[in-house]
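This report describes the nonpolar core, the pockets and the aromatic ring pairs of one protein model. The sequence and structure are shown below.

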Amino acid sequence: MILESTVEPEAGPSGTAPQPIEVELVPLRVSTRDRIPKDFGENFVTYHLEDDPFSYQEAMRSRDALMWAEVIDDEMNSLLQNNTWHLVDLPKGAKVLGCKWVLKKKLHSDGSIARYKARLVAKGYKQQGGIDYFDVYSPVCHLSTIRILLALASIENFIVHQMDVKTAFLNGELDEEIYMAQPEGYVHKNLREKVCKLDKSIYGLKQAPKMWHMKFDQVVKSIGFQSSLSDKCLYYRSMSNQTVIICLYVDDMLILGSDLAAVRDTKSALAKAFDMKDLGPVDTLLGMKVRVHNGRVTLSQAHYIEQILTTWGYKDCRPVETPIDPNVKLSPNEGTSVDQVKYSKIIGSLMYATSCTRPDIAFSVGMLSRFTSSPGKEHWDALDRLMRYLKGTKDHALCYTGYPPTLEGYSDASWCSEVGNSKSTSGFIFTLGGAAVTWKSKRQTCIALSSMEAELFALASAGEEADWIRNLILDIPLSRLQVNSLSLYCDNQAAVQVVKNVLFNTKRRHVRLRHALLNYLKEQGIITLVDVRSKDNLADPLTKGMPKDRSIKTVGEMGLKAL
């Protein structure tokens, strides 16, 4: 019922005293319909694919409660031993950040459980820039760097080991004053009103990655390592004909060395500075299966691709031999979008495989990703074909045999090949030790007025990559690999001749800049342009669809072999 009230009216023109007016009580309308809970049937079950608990309470109620309790205790012990915080009263006006437990099962490449992992993560999304943090940039090594190092390992017969920093972000020291709530399950009984004043960085803080990298950089350089100018997460040391290389990706670490004793000495030095886990010879890195045997290195994502196929319902599909039909020209969808969210998720999951180990699907994924905002039936048909191709090639791996021990590059462009768009597609690929180490397939940002200009833009992109690779390799003292001028192959004679001509004249500034870059790289002896026939251009599959015979041939030349 509405509460009873009165309204005082204004005085009338005669000046008589106002009379209160009673307001009628109106009952509220309440639904009398019975509320019936939704029932999807007794056979309806919800599955969480990763089977990881979302919270501390859920972990303690799960069948793996003892395992989770053990790893959570280990994480808390690491935090306390590291003197990450101390309990204080929250100062007046200060803000306290929350925290939560993030729990994850780490899997082997075959899907079996490797270990349980727990992380206490601060809710850093509540931090304010300029108050709680300032600079947050932190580098990680390029995936190309990892592949180049594995190729060098096959050439130089390097030993390749792996280490993991147990609590990497806890090593950074904070400059800011930050307060955090006590972690769930570990609130002090007699000090419930206290908060944690962070003395060191913790996972979740925006500045934590930067603080960790600064600390690691300082420690590694103190034991005689130098950082590469081409990749700030690559360190090397050469002493008494012994070469050791460290490659850091957040808290995962590759250690390569010409001698086992030198690798062990490096491990011991790192273990004194940080809480490390020695994983021995490399096995699984960033979800990629790595195998080193008799100077041969293989890099595979068979399990990851199998997961993608299973998740999206392609586990039992019929395989095909090419990733994309060369006779199909995709165009923007002008009708109703077909299952846009699922389409985007599949493309997103394929991008990681493209970036790591599968240059053969780079063009297909790049082309299909241009239609993620509104896919139509023809785009789904092309995506289905790509998934069927992966079904038949899921066991393909990059195989570095150590031969040939030369770095070579290929460049190509497809001029105005996309329907409804005037921009061309660039592609390049570089091989070392028998397999691809870096590649790219990308739509050009400028409109090329001729096939020569399109090839010139692609050459400029490849030349820039060639310069970076060459500098990266020259930073490392090697015995067997000599990097002089890098051969860059192109199947467009006009573009090759234009680069060789110093007096190229054009009214377009962006064309002139790319020509100047290529001319500079040529004069400095960094690259040597070589004309090649189209059928022998390894970058061709990165710009267009290939018929079956050529597709199978180029896949083999990229170093992709079935395990």
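In what follows, Ala, Val, Leu, Ile, Met, Phe, Trp, Tyr, Cys and Pro count as nonpolar, Asp, Glu, Lys and Arg as charged, and the others, Gly among them, as polar. The model is a predicted one.

By these classes, 15 nonpolar, eight polar and twelve charged residues make up the lining of the largest pocket. That pocket has a volume of about 1100 Å³. Of its 35 lining residues, K105, K106, L107, R115 and G287 are the closest to its centre. Strand 6 (113-122) is among the elements that supply at least two residues of this lining, as are strand 5 (99-107) and helix 6 (302-311). The greatest share comes from strand 6, with six residues.

The second largest pocket has a volume of about 480 Å³. Its lining consists of 18 residues, and R147, T354, S355, W439 and K440 lie nearest its centre. Seven of the lining residues are nonpolar, eight polar and three charged. Helix 3 (143-156), helix 7 (340-356), helix 8 (362-369), strand 21 (435-443) and helix 10 each supply at least two residues of this lining.

The largest nonpolar core comprises 152 residues, and I202, F216, M253, L383 and F430 have the most contacts inside it. Helix 10 (residues 451-475) gives the most to this core, with 13 residues.

Apart from neighbours within four places in sequence, F216 is in contact with Y235, I246, L248, M253, L270 and F274.

Aromatic pairs number eleven in the model.

| Pair | Distance between ring centres | Angle between planes | Class |
|---|---|---|---|
| F216 and Y235 | 5.7 Å | 70 degrees | edge-to-face |
| F216 and F274 | 6.0 Å | 25 degrees | stacked |

F274 is buried, with a relative accessible area of 4%. Through ring pairs, W212, F216, Y235 and F274 are linked into a cluster.

Notes
Residues are numbered from 1 along each chain as its sequence is written. This is a predicted model: local features need pLDDT of at least 70, side-chain atom pairs count only at pLDDT 80 or more; totals for chains, interfaces and linings use all residues. Side-chain values use heavy atoms; hydrogens and water are left out. A nonpolar core is a set of buried Ala, Val, Leu, Ile, Met, Phe, Trp, Tyr and Cys residues joined through side-chain atoms within 4.5 Å. Buried means under 20% relative accessible area, exposed over 50%, partly exposed in between (1.4 Å probe, protein chains only). Helices (H or I, at least four residues) and strands (E, at least two) are DSSP runs, numbered from the N terminus. Contact means heavy atoms within 4.5 Å. On a 1 Å grid over the protein atoms alone, a cavity is a set of points where a 1.4 Å probe fits but cannot get out, and a pocket is an open set with protein on both sides within 12 Å along at least five of seven lines; lining residues have an atom within 4 Å of a point. Grid points are joined across faces, edges and corners, and a volume is the space filled by probe spheres set on the points. Rings of Phe, Tyr and Trp (its six-membered ring) pair if their centres lie within 6.5 Å; planes under 30 degrees apart count as stacked, over 60 as edge-to-face and the rest as tilted.
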